[in-house]
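Have the viewer open as you read.

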Number of protein chains: 2
Amino acid sequence: MALQAYLKEKREMVNRALDACLPEEEGPASRLVSAMRYSLFAGGKRLRPILCMAGAEAVGGDPALVLPAACALEFIHTYSLIHDDLPVMDDDDLRRGKPTSHKVFGDALALLAGDGLLTEAFSLLSSPRLSERVAPQLVLRVIGLISGAAGHRGMVAGQAVDIQFEGKPADAALLEFLHTHKTGALITAAVVSGAMLAGADAARVRAMTEYGRKIGLAFQISDDILDIEGDTATLGKKTGADEEKKKITYPSLMGLDRSGEIRSRLVTEAVNALKSFDHRADPLREIARYIVERKK
Amino acid sequence: MALQAYLKEKREMVNRALDACLPEEEGPASRLVSAMRYSLFAGGKRLRPILCMAGAEAVGGDPALVLPAACALEFIHTYSLIHDDLPVMDDDDLRRGKPTSHKVFGDALALLAGDGLLTEAFSLLSSPRLSERVAPQLVLRVIGLISGAAGHRGMVAGQAVDIQFEGKPADAALLEFLHTHKTGALITAAVVSGAMLAGADAARVRAMTEYGRKIGLAFQISDDILDIEGDTATLGKKTGADEEKKKITYPSLMGLDRSGEIRSRLVTEAVNALKSFDHRADPLREIARYIVERKK
């Protein structure tokens, strides 16, 4: 299959849906909405929404059905980037080749734009657009899954540990906690929520969870490797930042070669997790392989 | 009825439920959870959870039924205070007589504690504890109501306008936008969500919405007045801060006397909105009157 064409088609679907979710507004809060849209349309890869739709397709579902959830995942991912880039966190000026939110809108409005995006994700998830076509009880389970993955038992825990342990000695267990929480949790929730909303049974949900965990960790290892081997122009953000900030990463703890090996093994295991699925899971298989090859 | 006894009983119910919602944790994220708990148990009045339970009672419902929603509202309120107190926002050192979150845990962890509380609110709302006893479709409507009231069409919009217009000329329309969004939206959602979860029909939901809007605005006017007339020891936060920061307030725009009159009128209108309700709405009526008398 042609992965690039698949990704492009899905990315365009997501972009259209995101645009419709959050139109520009008039009135006193117009600048807040502009700030939310600025980061939402700053050139993201849309990996999480695409995984959500591919998860639905893999179990025979309609990707359009899960679009509200796919958009909600991108809202949550975008909020996490805005807050992560703030001066009190990673203090990054550049993201995807553009000035970060607080450089354009100031720290306070960037903070609030993140808060707004996170909150609106749950408006999207609870909207009738989803529950008119999926059993409300199932939608509630997906809200529980996504909020659990995004919050203090998931992504937010990863970010807290990332900040707290900067420059401190770390072991492999802490590194794995960090990566599975900071990046892996939401990536796993993306693919699993898509499958669940499309009616996956318990065995398929387990397989998707396994797949998501493996590619989530592989994805973060790629991020760490690209921070060393990539270049600023291609990535659209400064490289070498992890070393400068003494972040805990796979390369810093295991070396580059060993990190590459772990990543390859994870991708193989992710593909193996899908062995009971037919050709409709090919996009998920290709996405897993793409994670090793990606340059940004 | 004895309002103080009612408030105390409900506050204790809420405190027990909050404690069970968010137990201390071991492991790398323990400090994050401690930060979340620090602000959650920093002596809040629990107004929003109590309004949620009183809303349920007013339509003949069981207040214990709506406890997960009541707790979620307090999580959202607490997150908003943590973010509001951050140096990039209002830069407050004291809240309810205690050092604010970022003074104790640092700016980054305070930011993340807020993010964690906001996210966890939606885990509480989507948990089986609520949907086992209330129709899932109704729970989804309440999630939509609360996220709408908390986000960029509600509270977050109010906070954005509060920051953006500091020190700038304001008119009555902007002042009302600010107050109805910053404080009124979540207070209204609190009482309405309680009534909805307890099965209120459309007419009663409309009446509760009217009641909530009136007391929400009255409550914020009281806050503005107390910032001038109250004292730091009773309030547990610095008074005179609004004037120092050139905040848009009712007293600054209308004067103290006129602000007091508007507040009294709003309370009367709030009580009138409940005229079709029987004695089970007495707590709501008393709470409306208490808003005028409160000293903190």
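Find Cys71(A) in helix 4 of chain A, the helix that covers residues 67-85. Keep in mind that this is a predicted model. Is Cys71(A) buried or exposed? Cys71(A) counts as buried, because it has 28 C-beta neighbours inside 10 Å and the cut-off for being buried is 20 or more.

So who's around it? Leaving out residues up to four places away in sequence, Cys71(A) touches Val14(A), Ala17(A), Leu18(A), Cys21(A), Pro49(A) and Leu124(A). Asn15(A) is worth a look too: it sits 56 residues from Cys71(A) in sequence, yet their C-alpha atoms are 8.8 Å apart in space.

Now zoom out to the largest nonpolar core, which has 190 residues. Which of its members touch the most others? They are Leu32(A) and Leu125(A), along with Leu32(B) and Leu125(B). Click on Leu32(A) and you'll see contacts in both chains: Leu109(A), Leu112(A), Ala113(A) and Gly116(A) from chain A, and His152(B), Val156(B), Ala157(B) and Ala160(B) from chain B, again setting aside residues up to four places away in sequence.

That brings us to where the chains meet. Here, 44 residues of chain A are in contact with 44 residues of chain B. On the chain A side, the elements giving two or more residues are helix 2 (30-40), helix 6 (107-126), helix 8 (136-150), helix 9 (155-164) and helix 10 (172-197). Helix 6 of chain A supplies the largest share, 13 residues. Sorted by class, this side of chain A has 25 nonpolar, 15 polar and 4 charged residues.

Definitions and conventions. Residues numbered from 1 in each chain as written. Chains lettered and ligands numbered in written order. Predicted model: local features only at pLDDT ≥ 70, side-chain atom pairs only at ≥ 80, totals over all residues. Core = buried A, V, L, I, M, F, W, Y, C linked by C-beta atoms within 7 Å. Buried ≥ 20, exposed ≤ 12 C-beta atoms within 10 Å, placed from the backbone. Contact = placed C-beta atoms within 7 Å. Helix = DSSP H or I, 4+ residues; strand = E, 2+ residues; numbered from the N terminus. Nonpolar A, V, L, I, M, F, W, Y, C, P; charged D, E, K, R; others polar.
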